[in-house]
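Colleague: I have just opened this one and have never looked at it before. Could you walk me through it?

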Amino acid sequence: MRDAMEQQVLPAVKRCYEEALQHWPELAGRVAILFAIEARDGVGRVIDAEFDEDETTLESVLVQACILDGLSGTTFPAPRDFGSITVRYPIDLRPKE
C-alpha cells in the first residue's frame, strides 16, 4: 500500500499542488483523503474517494479535484479475502521556502 501511495498517488498530488502554486504562491494546508479499495481482477482498485472535511484545510477545490482524478487510476495490492478496505491518508502541503 505504501509503495503504491509513494509511487503513484504522491507524484500526482505534487503535480496538482505545484500547478496551483503558480497561481496562488501562498497556498498551503492539509488534505485528508478517504478512499475505499476493492479487489478486482487480482488488484486493488479505488472505488470511492473523498476528502475528510474535518481534517482537510487546503482551500482549493481545483487541487482537490485534481488529486481525486489522479487517485482514480491508482492500483493497489488486492485487499485480503478479496473484500474491500477503507483508507484515510493525510498529506500536508506547503510551498518550498
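Colleague: In which sense do strand 2 and strand 3 pair, and over how many bridges?

Modeller: Strand 2 and strand 3 are paired in the antiparallel sense, over three bridges. Before going on, this is a predicted model in which local features need pLDDT of at least 70 and side-chain atom pairs count only at pLDDT 80 or more, while totals for chains, interfaces and linings use all residues. Residues are numbered from 1 along each chain as its sequence is written, and side-chain values use heavy atoms, with hydrogens and water left out.

Colleague: What counts as a strand, and as a pair?

Modeller: Strands (E, at least two residues) and helices (H or I, at least four) are DSSP runs numbered from the N terminus, and two strands pair if DSSP finds at least two bridges between them.

Colleague: Which residue in strand 3 is the bridge partner of Arg45?

Modeller: The bridge partner of Arg45 there is Thr75.

Colleague: And in what order do the strands of the sheet come?

Modeller: The open sheet is formed by four strands in the order 3-2-1-4, with antiparallel pairing. Strand 3 (75–77) and strand 4 are at the edges and have a single partner strand each, so one side of each is left without a neighbour in the sheet. Neighbouring strands are turned against each other by 40 degrees on average, direction ignored.

Colleague: Which strands does helix 1 touch?

Modeller: Helix 1 packs on the sheet and touches strand 1, strand 3 and strand 4, and its direction makes about 45 degrees with that of strand 4. Helix 2 lies across strand 1, strand 2 and strand 3, and runs at about 165 degrees to strand 2. For these angles, axes are lines fitted to C-alpha atoms, for helices over the stretch in contact, and the angles run from 0 to 180 degrees between N-to-C directions; contact means heavy atoms within 4.5 Å.

Colleague: Changing topic, how many residues does the largest nonpolar core have?

Modeller: That core has 24 residues, and Phe35, Ile67 and Phe76 have the most contacts inside it. A nonpolar core is a set of buried Ala, Val, Leu, Ile, Met, Phe, Trp, Tyr and Cys residues joined through side-chain atoms within 4.5 Å, where buried means under 20% relative accessible area, exposed over 50%, and partly exposed in between (1.4 Å probe, protein chains only). Helix 1 gives the most to this core, with eight residues.

Colleague: What does Ile67 touch?

Modeller: Leaving aside residues up to four places away in sequence, Ile67 touches Val13, Cys16, Val31, Ile33 and Phe51.

Colleague: How many salt bridges are there?

Modeller: The count comes to five, taking a salt bridge as a side-chain nitrogen of Lys or Arg within 4 Å of a carboxyl oxygen of Asp or Glu. One of them joins Glu19 and Arg15, with the closest N and O atoms 3.7 Å apart; these two are four residues apart in helix 1, which means they are separated by about one helical turn.

Colleague: Which residues are linked in a network?

Modeller: Salt bridges link Arg30, Glu55, Arg88 and Asp92 in a network. Within it, the closest N and O atoms of Arg30 and Glu55 are 3.2 Å apart. Arg30 lies in strand 1 and Glu55 in the loop between strand 2 and helix 2, so this pair ties together parts that are 25 residues apart in sequence. For Asp92 and Arg30 the closest N and O atoms are 2.9 Å apart, and that pair links strand 4 with strand 1, 62 residues apart.

Colleague: Is Asp92 buried, exposed or partly exposed?

Modeller: Asp92 counts as partly exposed, at 46% relative accessibility.
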